Amino acid sequence: MKHIHLISRYKMRWVVPLCKYLSSEWRVTAATAASPEQPNLIIFAWADDIARDYINNTEKGDKKYVVFLRSYEYIEEWWLDIDWSKVDQIICVNDYIADVVEDYTKKKPHVIYNSVELDKWTFRSRSHGNKIAMVSHLHYKKNHPLALQILEKLSPDYSLHCAGAIQCGDIINYLDNLSKKIDRKIYIYDHIEEDKLDHWLEDKDYILSTSFREGSPNNVIECMAKGIKPIVHNWPGAKQQFGNFVFDTIDQASDIMRNNSEYNSAEYRIIAKERFGLDNYRRIKEIVGKLIEA
């Protein structure tokens, strides 16, 4: 049986289902580094320094390489030093990034958004409320100050609930200080484990993403699977993924959360299934299959 090895420096929630999907045809292993064996195909989950060093410094032989290029390594620029002539297929999770990568590498990437396992997220029909969720690290790139400005545009009964590891203490100080000045409530929960996140989100009415940049954000997709209304800032590539739920200005974001706007939980769930569902794993499997069986 042919062997696929997946390398990911992070324990991402999509690694297990992807490996499970591929293992119906091939032997699949996953680790944070290269396998001591010689697999037939290697999937690099990130176009990072690990991928760069392995691809550039290892004799390729008959192995095939599939490289994912996401948001953070696009900014870190490790990918610019990868020897792309040795890479067989590139997968991007963001249309904007894919266009830049194609221009640089002269290879056309596949665009496959992140996937959600619908049965892991409890769906119910919802309507407007006043609890806004943000599920992300507290870090500058997530742009929590913009979230606070949006909150100020809404009535005082709205509140912001932030779940994510605190990576920058300055943001906590900023939010604490300004929320008192504008008389708005912000709750900081720190990191919430994946198996507890579905329950934590149950009483939330909106999922807000104010980031400067994202690839294909799982936090938004998973909330849509629960029937929670998304409000997504217009970072590069957002419009292709989230359409009418993307905002440019503070006024637009606050309008999306007001009671006179549409709220359709079933629509959000359908988008999560059709645009970000398990069919995306099938597309990856097809790419891998054509390479490994060639």
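This is a predicted model: local features need pLDDT of at least 70, side-chain atom pairs count only at pLDDT 80 or more; totals for chains, interfaces and linings use all residues.

Trainee: In what order do the strands of the open sheet come?

Mentor: The order is β2-β1-β3-β4-β5-β6, six strands in an open sheet with parallel pairing. The edges are taken by β2 (27-31) and β6 (110-111), each with a single partner strand, so one side of each has no neighbour in the sheet.

Trainee: How many bridges join β3 and β4?

Mentor: They pair in the parallel sense over four bridges. As an example of a bridge, I42 has Y65 of β4 as its partner.

Trainee: What should I keep in mind about side chains along a strand?

Mentor: In a regular strand, side chains alternate between the two faces of the sheet.

Trainee: Which residues is I91 in contact with, leaving aside neighbours within four places in sequence?

Mentor: The contacts of I91 are V66, V67, F68, L69, H110, I112, I284 and I287. As a distance to compare with sequence separation, I91 and E73 are 18 residues apart in sequence and 13 Å apart in space, C-alpha to C-alpha.

Trainee: Now the aromatic rings. How many aromatic pairs does a search of the whole structure find?

Mentor: The search finds 19 aromatic pairs. Take F44 and Y54: their ring centres are 5.8 Å apart and the planes stand at 50 degrees, so this pair is tilted. F44 is in strand β3 (residues 41-44) and Y54 in helix α2 (residues 49-57), ten residues apart, and the pair links these distant parts of the chain. Both F44 and Y54 are buried.

Trainee: What kind of pair do F44 and Y65 form?

Mentor: That pair is edge-to-face, with 5.6 Å centre to centre and 75 degrees between the planes. Y65 belongs to strand β4 (residues 64-69) and F44 to strand β3, so the pair ties together parts that are 21 residues apart in sequence. Y65, like F44, is buried.

Trainee: Which residues form one aromatic cluster?

Mentor: Y10, W14, W46, F68, Y72 and W78 do. W78 also has a charge over its ring: the charged end of R9 sits there, 5.8 Å from the ring centre. In another such case, the charged end of K204 sits over the ring of W200, 4.1 Å from its centre.

Trainee: What is the relative accessible area of S155?

Mentor: S155 has 33% and is partly exposed. S155 lies in the loop between α5 (144-153) and β8 (159-163), and the side chains of S155 and D157 are joined by a polar contact of 2.3 Å.

Trainee: How is burial read for a whole strand or helix?

Mentor: Count the buried residues. In β7, four of the five are buried, so β7 is largely enclosed by the rest of the structure. β7 pairs with β8 in the parallel sense over five bridges, and I132 stands opposite L160 in β8.

Trainee: How many residues of helix α8 are buried?

Mentor: Eight of the eight residues of α8 (residues 218-225) are buried, and the helix is mostly covered. Its buried residues pack against β7 (131-135), α7 (194-200), β10 (206-209), β11 (229-233), α9 (238-242) and α11 (265-276). After α8 comes G227, whose phi is positive, near 90 degrees.

Conventions. Residues are numbered from 1 along each chain as its sequence is written. Side-chain values use heavy atoms; hydrogens and water are left out. Rings of Phe, Tyr and Trp (its six-membered ring) pair if their centres lie within 6.5 Å; planes under 30 degrees apart count as stacked, over 60 as edge-to-face and the rest as tilted. Helices (H or I, at least four residues) and strands (E, at least two) are DSSP runs, numbered from the N terminus. Buried means under 20% relative accessible area, exposed over 50%, partly exposed in between (1.4 Å probe, protein chains only). A charge sits over a ring if NZ of Lys or CZ of Arg is within 6 Å of the ring centre and within 35 degrees of the ring normal. Contact means heavy atoms within 4.5 Å. A polar contact is a pair of N or O atoms within 3.5 Å; within protein, one must be able to donate a hydrogen and the other to accept it, and residues adjacent in sequence count only if both atoms are side-chain atoms. Two strands pair if DSSP finds at least two bridges between them.
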